[in-house]
Amino acid sequence: MNTSAILLVGNGRVITRDDQRPLVENGCVAIQDCLILEVGATADLQQRYLSAQFLDARGRLIMPGLINAHMHLYSTFARGMALKDAAPGNFVQILERLWWRLDKVLTLEDVYLSAMVAMIDCIRNGATTIFDHHSSPGAIFGSLSRIAEAAHQTGLRSCLCYEVTDRDGIEVTNMSIAENRTFLESCKHSPDELICGLFGLHASFTLSDRTLARCTRAAAELDAAFHVHVAEAESDVIQCLREHGKRVVERFHDLGILGPRAIAAHCVHVDDREIDLLQSSQTNVIHNPESNMGNAVGCAPVLGMIDRGVRVGLGSDGYTCDMFESLKVANLLHKHQSGNPGAAWAEPPAMLFGQNSAIASACFGRAIGQLVPGALADIIVVDYDPPTPLTESNVNSHILFGVSGCAVQTTIIGGRIVMHEREFVGIDEREIMAKARAAATKLWQRF
Ligand SMILES: [Zn+2]
């Protein structure tokens, strides 16, 4: 074997997320091309792969990169921006006064730059895979390929989709369906381990039955699943009951939107019958605790869903690029909501490290989120010198209370070192930030 093409990431405490061997002290991960070759003791692997490149973790944590299962890269340029109207008082006003104004004035260059900036932030905070949900009604054609271009440049593994909605008229609806179609066809014709696609839908309250029927036909032709916002605010449910005589999950279930590869973000306002439908259809529910709290839409009953066998992953909804932060907020939200300090110890880490891994692996078609032979080599090195014993049984507690995104030192995606000791490899971060600020200044004027 030519061991010069092998990268060893060693001399660290390896958290594998493999039940057979959760923690390897003084451990090492051997990487060949984009995949993990093996995990073992540093001395052993160094001896066997004599000419391999060695990346020294210097006693820090070596763990799988994080997965953000619901993200909006395009929200980047909203940071610090003043709204023109009074502060929104409810969820629909947040959409009308902020997001539906911002997305309309995005150019293709803004789409690319906001993706670059947010992807850099994701990598810096240890995310190696994201599921993005994109909208830019003024610049639809080619928007997903510009985001894919940013993903290739930064190295971030990305599942992309364009959000179809009826809110901007039939022309925009047609173009949005076409953008999903074009992008999904390109994914099929040139398979790429870094990029894949879903069919994007906004939400029940902005989609007619007719448009949803067109989308399900198109998605079936493309063998694509949906990524959609589900019952995020109570107003979505009220509108659905009024217009369609059923609740949101029931409506989506009846129209064939749900399924084992579908991503249903939020599911805050769902009743027991709908939870059964999510379970029986094996739909992936994505919990976004910070966003739900920030938009004051309520607390998704995800602990109950997990008890009843629903697969629940974790996303940030664009609120943060730091999934360690989302983990902490999920832990706190459910303790606060239930009035029980004993609640939500197990579920948030299971969402972030277990279910997100299963969702990403199914979507990209290869094992992601575990340090095991054959899995994609998405790995982070995290600076953490614990003041107390770290064992295989308390790893999640250490991560919850001791680790945040700023402790991530090195990020490797598909075997490619994209950030090394906090420095990006192959991209000029400062130049991109400067271009982004110039573009954002102009965008704020158009907003
Ligand atoms: Zn969202």
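Trainee: What is the strand order of the open sheet of four strands?

Mentor: Please keep in mind that this is a predicted model, in which local features need pLDDT of at least 70 and side-chain atom pairs count only at pLDDT 80 or more, while totals for chains, interfaces and linings use all residues. Residues are numbered from 1 along each chain as its sequence is written, and side-chain values use heavy atoms, with hydrogens and water left out. Strands (E, at least two residues) and helices (H or I, at least four) are DSSP runs numbered from the N terminus, and two strands pair if DSSP finds at least two bridges between them. With parallel pairing, the order of this open sheet is β6-β7-β8-β9.

Trainee: Which strands stand at the edges of that sheet?

Mentor: An edge strand here has a single partner strand, so one of its sides is left without a neighbour in the sheet. The strands in that position are β6 (66-71) and β9 (195-197).

Trainee: By how many degrees are neighbouring strands of this sheet turned against each other on average?

Mentor: Axes are lines fitted to C-alpha atoms, for helices over the stretch in contact, and angles run from 0 to 180 degrees between N-to-C directions. For neighbouring strands of this sheet the direction is ignored, and the average turn is 15 degrees.

Trainee: Which residue of β7 does M71 stand opposite?

Mentor: Strand β7 (residues 127-132) pairs with β6 in the parallel sense, over four bridges. Within β7, the residue opposite M71 is D132.

Trainee: Which strands does helix α3 touch?

Mentor: Contact means heavy atoms within 4.5 Å. Helix α3 (residues 108-124) packs on the sheet, and its direction makes about 140 degrees with that of β7. The strands touched by α3 are β6, β7 and β8 (157-160).

Trainee: Which residues coordinate the zinc ion?

Mentor: Donors are N, O and S atoms within 2.8 Å of the metal (3.2 Å for Na, K and Ca); water is not among the atoms, so sites may look incomplete. Along the chain the donors follow the spacing H-x1-H-x156-H-x87-D. At 2.0 to 2.2 Å, the coordinating residues are H70 (NE2), H72 (NE2), H229 (NE2) and D317 (OD).

Trainee: What is the arrangement of the four donor atoms around the zinc ion?

Mentor: Four donors count as tetrahedral if all angles lie between 85 and 135 degrees; four count as square planar and six as octahedral if opposite donors are over 155 degrees apart and all others between 65 and 115; anything else is irregular. The angles at this zinc ion are 90 to 167 degrees, which makes the arrangement irregular.

Trainee: Are H70 and H72 buried or exposed?

Mentor: Buried means under 20% relative accessible area, exposed over 50%, and partly exposed in between (1.4 Å probe, protein chains only). On that scale, both H70 and H72 are buried.

Trainee: How many aromatic pairs are there, and what is the geometry of F131 and F364?

Mentor: Rings of Phe, Tyr and Trp (its six-membered ring) pair if their centres lie within 6.5 Å; planes under 30 degrees apart count as stacked, over 60 as edge-to-face and the rest as tilted. By this rule there are five aromatic pairs. The rings of F131 and F364 have centres 6.2 Å apart and planes at 80 degrees, so their geometry is edge-to-face.

Trainee: How many residues apart in sequence are the parts that this pair ties together?

Mentor: Both F131 and F364 are buried. F131 lies in strand β7 and F364 in helix α13 (residues 347-364), so the parts tied together are apart in sequence by 233 residues.

Trainee: Does E221 count as buried or exposed?

Mentor: E221 is found in helix α6 (residues 209-222), and its contacts beyond four places in sequence are R181 and K188. Because its relative accessibility is 55%, E221 counts as exposed.

Trainee: What separates the C-alpha atoms of F77 and A439?

Mentor: F77 has its place in the loop between β6 and α2 (91-102), and with 4% relative accessibility it counts as buried. Beyond four places in sequence, F77 touches several residues, including D110, L113, A439 and W444. F77 and A439 are 362 residues apart along the chain, and their C-alpha atoms are separated by 8.7 Å.
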